[in-house]
Amino acid sequence: MNLELLKQLRTSVVITGLLAGAMTVSACQQKQETDPSLEDGISEEQSVPMSAEPAEPSDVVVDAPVSDVEDDTVATVNNDVTQISYLCAPELAVEATYKDTDNQVVIGTAKGTVTLTKTNDGSNPEVFEGSTAIDGNEGFVQWRVAHKERETGVMRTAGADASNVSTYECKKTEETPEDAV
């Protein structure tokens, strides 16, 4: 035999010895037996009594400002509703409640409240319109809000006389409309 063949044989013997030792050690280790009842429970079909009454929902969704329900442990705040206060010129305080999932905004002022529907797919500006005046009478309201955070808005409103349009330039503020009036 030549020297090269002996080196290969020695390496093979060492590797085989290591593998045999590892198998012996693993065979000696105590293995945990599986619980037969677990397998039986999985393979058996279990009958569950069912009620004819519909299940009650476990999640409660509240359409309220975060400040009203932040300490409540039962209610869940709907993240698709955003309230923003604006101060407008000529002087008018506006509370806008955006309902993004419904593509609506509810505009509240001292003159009244109106729900407007989004009329475009864009986000800058977002355009909302309604077919009644803020006081609920005949007329229209248009609300255009711009910027990523809805920082500025323009409201156009008119009563029965559609040619007499009032325009308000509005800017987002941290105070509520009650503080501004």
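Because the model is predicted, local features were taken only at pLDDT of at least 70 and side-chain atom pairs only at pLDDT 80 or more, while totals for chains, interfaces and linings use all residues. Residues are numbered from 1 along each chain as its sequence is written, and side-chain values rest on heavy atoms, with hydrogens and water left out.

Strand β10 (residues 166-173) is a handy place to start. Strands here are DSSP runs of E, at least two residues long, numbered from the N terminus, and two of them count as paired if DSSP finds at least two bridges between them. β10 pairs with β3 (residues 81-89) in the antiparallel sense over five bridges, and with β9 (residues 152-158), also antiparallel, over six bridges. C170 in β10 turns up in both pairings: C88 has C170 as its bridge partner, and G153 stands opposite C170 as well.

Buried stands for under 20% relative accessible area, exposed for over 50%, and partly exposed for anything in between (1.4 Å probe, protein chains only). This core holds 19 residues, and Y86, Y98, I107, W143 and M155 touch the most other members. Two or more residues each come from β3, β4 (92-99), β5 (104-109), β6 (112-118), β8 (138-146) and β10; β4 gives the most, with four. I107 makes contact (heavy atoms within 4.5 Å) with V94, E95, A96, G112, T113, V114, L116, W143 and M155, leaving aside neighbours within four places in sequence.

A salt bridge here is a side-chain nitrogen of Lys or Arg within 4 Å of a carboxyl oxygen of Asp or Glu, and the structure holds three. D100 and R150 meet at 2.8 Å, N to O. D100 sits in the loop between β4 and β5 and R150 in the loop between β8 and β9, so this pair ties together parts that are 50 residues apart in sequence. D100 is partly exposed at 34% relative accessible area, whereas R150 is buried at 10%.

R150 also forms a salt bridge with E126, again with the closest N and O atoms 2.8 Å apart. That pair links the β8-β9 loop to strand β7 (residues 126-132), 24 residues apart. E126, buried at 8%, bridges in turn to K118 at 3.3 Å, and K118 is partly exposed at 21%.

Methods
A nonpolar core is a set of buried Ala, Val, Leu, Ile, Met, Phe, Trp, Tyr and Cys residues joined through side-chain atoms within 4.5 Å.
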